Amino acid sequence: MNKARKILALSLLPSCLVVMAGCNGKIDPQNMDKDNIVFRKANTVISNYEGLGVEWGTYEDPDKLSSDSWERSLRIMDRLNPQVVRCMLNYDWFITNYDDKKDQDKTNDTWEYNFSNKLMNNTVNVLRYCTDHNIDVAFGCWNVPGHVAIDEYKMMEEVTSDVRWAKMTADILEYLIKFQGIRCIKYFVNSNEPNYKGAKGTSKNYNNTFEIWAQGVKNVRKALDERGFTDIGIIGGDTTGFEGTNEYFMGISKDAELREKVGDYGFHVYCPNMIIDTGDLATRIKDMYKKTKDNDAGLGEVRFPHIWEAGLFDGKNQETDSNAFIANFSYGLRMADYTLQSAISGVSSVVYWDFDDGMHFMYLPDGSVTSKGWGMFSSLGSDSAAKQRLRPWYHSSVLLTNLMRRGGKIIDSGVNIPELDKSFRSMGVIGPNNEFAGVVAINRDVRAAEKTFRIDEDFTDSNKIYVYIYNENQLVIGDDGFVKPNSVVEGSLKNIIKINVPANSMVILSSKEL
Amino acid sequence: MKNKKLFILSSLALLSLGALSSCGGGGGGGNDEYDKDGRLILKLKNVYFDTFDGTDTYSEILSEKFKVHLEPSNYSYDTWDEEVNTAVNGDSLPDVFQYNLKAYNFGSTYEQWIKYGMLKALPDDLSKWPNIKSLINNTSNIDALKIGGKLYGLPIANDISNPTKDFSNFTYVYRRDWAKAIDEKHKDQAGYTPIYKEGDVYTWEEFNRLVKGFKTDLEYASGTKQASVLVDEEWGFPSITNFYKDVPHCYTKDATGHAINAFTSDKYISGLRKAKEFVGDVIYSQDQYLYKPNQAKEVYLGGQAGIFYDNFSFANYISFRKSFKRLRKEADLDDGTALLKIMGEDGKFALEGTENWFSTTMFSYQVSDSKMEKVLDILDYLLTPEGTRLAIFGKEDYDFIIVSDSDEYDYDVNGVKIKLTEQGWERGDDGNYGPKINGAKYLRYMATLGNDTKAYDPYTDQATFELLDDWIKDMKKAKSENKLRVVKEPADIDWMSTKTKNSKTEGLLTDANNHVKNYCFDSQGYKTIEEYKAKFDEDANWAKVLEEINQGLGF
């Protein structure tokens, strides 16, 4: 890792600057000051942010994970310090002694569970960590049980609306909560990406529809309530792509009964680079948000939008299900830009896909097995040293997860407008209980950008500003292997800060060390 | 060639299709659907749309430009024919689909589908789409595809920049490194004639010396006792007959112009004797008789064969070399996958002939005029320089910029200097450009296989491209100098449609290939040429088909 430091051009200026808005609240890019930015209370987009996190599911083959690797993974997780985790598993791993009673009636089918296996042990280890670290977990099952080509439980026709799905869900949650003492599960994922149907024989989801999924939500809601798990919300969608998500969000938001059964509006976005680079991601999310809000006034009030899988689409190798750019600095910069654009569009939390290459595997046609390369590192001793190393996007994510905390505020700059500037975006962040504040500035241009910032909001000031620069030349990694500030200066974000944001970089100014 | 099962429309199905045929070739329409944004929905199905779902940013650019909503889907190559036939029979065709139309299924599918009104003809006047018009005008044997003066599909061009190429890339690669190693072993041996030929061009005599040299020192060169000198992909056996025969498949002409059975012609019999000799001399793998698809390739990639015959299209050769590099780390890639150029006894190279197109893009009878025009608008645009740049380089000013002559550039495309941007063309940790989905490129496959853009496509493995491109140039030069014999069925027979030919040719070809294999390997009890020839007399369909063809030829 390059530890080179460069002097940051940073000075404190006494005077105040005013962002000029157009008349009547309408955007008039010509009259806006995009270089002197004030984060004003009035531009608060989210007043109770829910934090950032990462997919940390059950490891498909825990035997590949040595105790040293697990300990290292926990140290890496400690530093990431997420506030949200999505943890997925398969019910197949536990179901045993299944008896369909040789009839068509599904309600009288019986089965047992074998939770004494390495997969449940690993699941519990993950969830116990989350419980101990006050992490909110979206817990769920990838899809209905059964081999995709055999469908031995005959659940793929009705998918999650099958009555047995709700019972299995309640049983397994009951085991985790009552027997294992897990207290972190805040949401249940009613199957992964239900709008991605696929074909019979290769997808368990081939017969799914919004209506089937919605019936599944109602069944699960009833089953959870009956067991007393009323505080576990069901994710409203967990869909992928804007088109499919829009269908589910419209369906949920227009159905007064259904929207009371879901706990959020949840979706996945694997975003093409161009959409992020041009600032268009924010435009698309805002558009979807508005359409949903038009039907459901509860959006942003009682039901919040969350991105449960966040990643970049370009670079995806279909054969190995890995991303060719995952180890590039640009991946971290784009994911940071993605996070910023989603936050200023009202998305309350983002879960990055994913934490560790060692969780998931791709079984190739030639019989070989490869880990799916979407992680922040690989815990697999069998992977190359380069793959085991922490990737740049881990470090950029560490900065953001430690700044954008649960209960905090997100303040738009007012000038994050593609028509005004496609290459530069920024946001103000206020910590929970106004304990700290920060500025995230992302410059996607090939030239440096000179800007001034000021936060016009109350917060407990440390009178120090920790400066972090994320780019290939200036990221500072300490001896412990984790990101450090490039510099610490006396000053306050309540005053005007003049800063030179290098080309293709993220700069974070924070009143606390991240 | 590989046999494909013929799908025969049942008479019942034909009757039901007949009832639906009123729109065929005519206006169609009335069923156009639009998405919530008022964009015309296009349902497109193609064997190349494997990872394309129409939601990428480049598809969005086209959707916005042409006000369409793309709904692409993919055929599996292995079930492609069956899927199309099933959709025809079930009257469930997508708007636009790709079909593997060729001479052998022309009469049993294309002609039948038109007869029963399942396809919509292209407009007579294509002047609105000059690039499509040019593509069609350059299509080989285009008149054979016209029924009643109308064309019911767009032949997908192999290479729109090279329409005169009429030979296939069915050829040999060989272990040049083995040949060199064997020569090195014997370099001090008195009277030894080297088997390796600089430049990889071998006369017939030199080729025979090469295979004998390989045979003698096979274990030395390969490091295994289980290696073979020569293996053919199962559809291509016995490839060695190419140097003797004058047509690739069933029908040829005698000196009087009459159609005869190619498999019993004198020329073919000469080749067959050579093939049997190669089997008997253990030049051909003794397992060749049992080879399944791709098995010969696996043997070669496993380091257990010295010479391998296959279809080395750009895509196949790139994939083949990639596999070789991964599996044969001990060998030099270029020396291990060298293209072998053999001249037959007549002093000429011999390659199987081909049309300059592969498969067709067809329109369901239910497609409206406006929808067809929309599809043609898109395809025509994608064949323009601007559309081609979108398909190959991406979005201008994001993925690439056009620079002036004095600036640094990455590609010169017909005088237009292209500079790729870092944000649009990022490299992965292997140093190669990372994959990303460009819907424009996929859609362009509906008109051309894209060989015209390989030279400047950033994703092209340029080293492999240049090797194969040089081979193509060599073969074109040889053709111009009358040193290449293109083994091709006469077009008047190839595209002729007769009742028995349409229904029986695939079966006759399958049986003939079995007779050839049985003769070469002394299997099934026939060892002599006479016994081999007699097998063809047992099937009365040969005589019947030939009679029909000769009638068609005017005899």
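**Conventions.** I number residues from 1 along each chain as its sequence is written, and I letter chains from A and number ligands from 1 in the order in which they are written. Because the model is predicted, I take local features at pLDDT of at least 70 and side-chain atom pairs only at pLDDT 80 or more, while totals for chains, interfaces and linings use all residues.

**Confidence.** I looked up the scores first. The predictor gives the complex an ipTM of 0.85 and a pTM of 0.87. Chain B has a mean pLDDT of 92, with 95% of its residues at 70 or more. Here pLDDT is the predictor's confidence in each residue, from 0 to 100. Residues 1-27 of chain B fall below 50. Beyond near neighbours in sequence, that stretch has 43 contacts in the model. I call two residues in contact if their C-beta atoms, placed from the backbone, lie within 7 Å.

**Sheet of chain A.** I traced nine strands in an open sheet, with parallel pairing, in the order 10-9-8-5-4-16-13-12-11. Strands (E, at least two residues) and helices (H or I, at least four) are DSSP runs, numbered from the N terminus. Two strands pair if DSSP finds at least two bridges between them. Which strands stand at the edges? Strand 10 (233-234) and strand 11 (237-240) of chain A do; each has a single partner strand, so one side of each is left without a neighbour in the sheet. I also checked strand 12 (residues 264-271) and strand 13 (residues 304-312) of chain A, which pair in the parallel sense over eight bridges. A:V269 stands opposite A:A310 in strand 13 of chain A.

**Cores.** I then looked for nonpolar cores, meaning sets of buried Ala, Val, Leu, Ile, Met, Phe, Trp, Tyr and Cys residues joined through C-beta atoms within 7 Å. A residue is buried if 20 or more other C-beta atoms lie within 10 Å of its own, exposed if 12 or fewer, and partly exposed in between, with C-beta atoms placed from the backbone. The largest core has 140 residues; A:V137, A:V440, A:M506 and A:V507 have the most contacts inside it. Helix 9 (residues 329-343) of chain A gives the largest share, eight residues. Domain 1 (10-48 + 409-510) and domain 2 (51-91 + 107-403) of chain A both contribute, so this core lies between them. The domain bounds come from an automatic or database domain assignment.

Most residues other than glycine have a negative phi, and most peptide bonds are trans. I listed exceptions. The bond from A:W353 to A:D354 is cis, with omega near -5 degrees. A:D354 lies in the loop between strand 16 (349-352) and strand 17 (361-363) of chain A. The bond from B:F237 to B:P238 is also cis, with omega near -5 degrees. A:D238, in strand 11 of chain A, has a positive phi near 60 degrees. Is A:D238 buried or exposed? A:D238 counts as buried, because it has 29 C-beta neighbours inside 10 Å. A:N434 has a positive phi near 55 degrees. With 15 C-beta neighbours inside 10 Å, A:N434 counts as partly exposed.

**Interface.** How many residues of chain B are in contact with chain A? I found 13, against 17 residues of chain A. The chain B side divides into two nonpolar, six polar and five charged residues. Ala, Val, Leu, Ile, Met, Phe, Trp, Tyr, Cys and Pro count as nonpolar, Asp, Glu, Lys and Arg as charged, and the others, Gly among them, as polar.
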